[in-house]
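Here are a few exercises to work through with the model open in your viewer. Try each task before you read its solution.

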Amino acid sequence: MDNNSPELDTVFLAFADSTRRAVLRQLGDGPASVSDLAKPFDMALPPFMKHIRTLENAGLITTEKVGRVRTCELNPEKYAAVEDWLKEQRQQWASRYRKLDQLLKQLEEKDK
């Protein structure tokens, strides 16, 4: 994922809310209906559905409606893309720290 990707912005916006993070944690145990996911939260179903739509629009979950029951499930492919982006960031920062460490050692040796 590119740093300036609207897709990345959408994912991190979805991660930014504690309710949505809690829903994602619940879905880590497996698929669940929207009503089951909503039980721990003190909110009506329509505002809770906004959270579900945000997660779905970010591609972090998929939903399927059968009859009156909407079931949600994690989308592992999106998580892999986010994980790849985070891995890139860690590698860049590790490289920067190594270069800084080398520079500090060089400066230290000059001072001796």
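Buried means under 20% relative accessible area, exposed over 50%, and partly exposed in between (1.4 Å probe, protein chains only). Helices (H or I, at least four residues) are DSSP runs, numbered from the N terminus. The model is predicted, so local features need pLDDT of at least 70, side-chain atom pairs count only at pLDDT 80 or more, and totals for chains, interfaces and linings use all residues. Residues are numbered from 1 along each chain as its sequence is written, and side-chain values use heavy atoms, with hydrogens and water left out.

**Exercise 1.** Work out which residues of helix H1 (residues 6–15) are buried.

*Solution.* Start with the buried set: Leu8, Val11 and Ala14. Now look down the axis of H1: these residues fall within an arc of 125°, so they line one face of the helix. Finally, check the partners: the buried residues pack against helix H2 (18–27), helix H4 (45–57) and helix H5 (76–111), with contact meaning heavy atoms within 4.5 Å.

**Exercise 2.** Find how many aromatic pairs the whole structure has, then describe the one between phenylalanine 15 and tyrosine 79.

*Solution.* Rings of Phe, Tyr and Trp (its six-membered ring) pair if their centres lie within 6.5 Å; planes under 30 degrees apart are stacked, over 60 edge-to-face, the rest tilted. The search gives 5 pairs. Phenylalanine 15 and tyrosine 79 sit 6.4 Å centre to centre with 50° between the planes, a tilted pair. It joins helix H1 to helix H5, 64 residues apart.

How values were computed
Helix = DSSP H or I, 4+ residues; strand = E, 2+ residues; numbered from the N terminus. Arc of directions from axis to C-beta.
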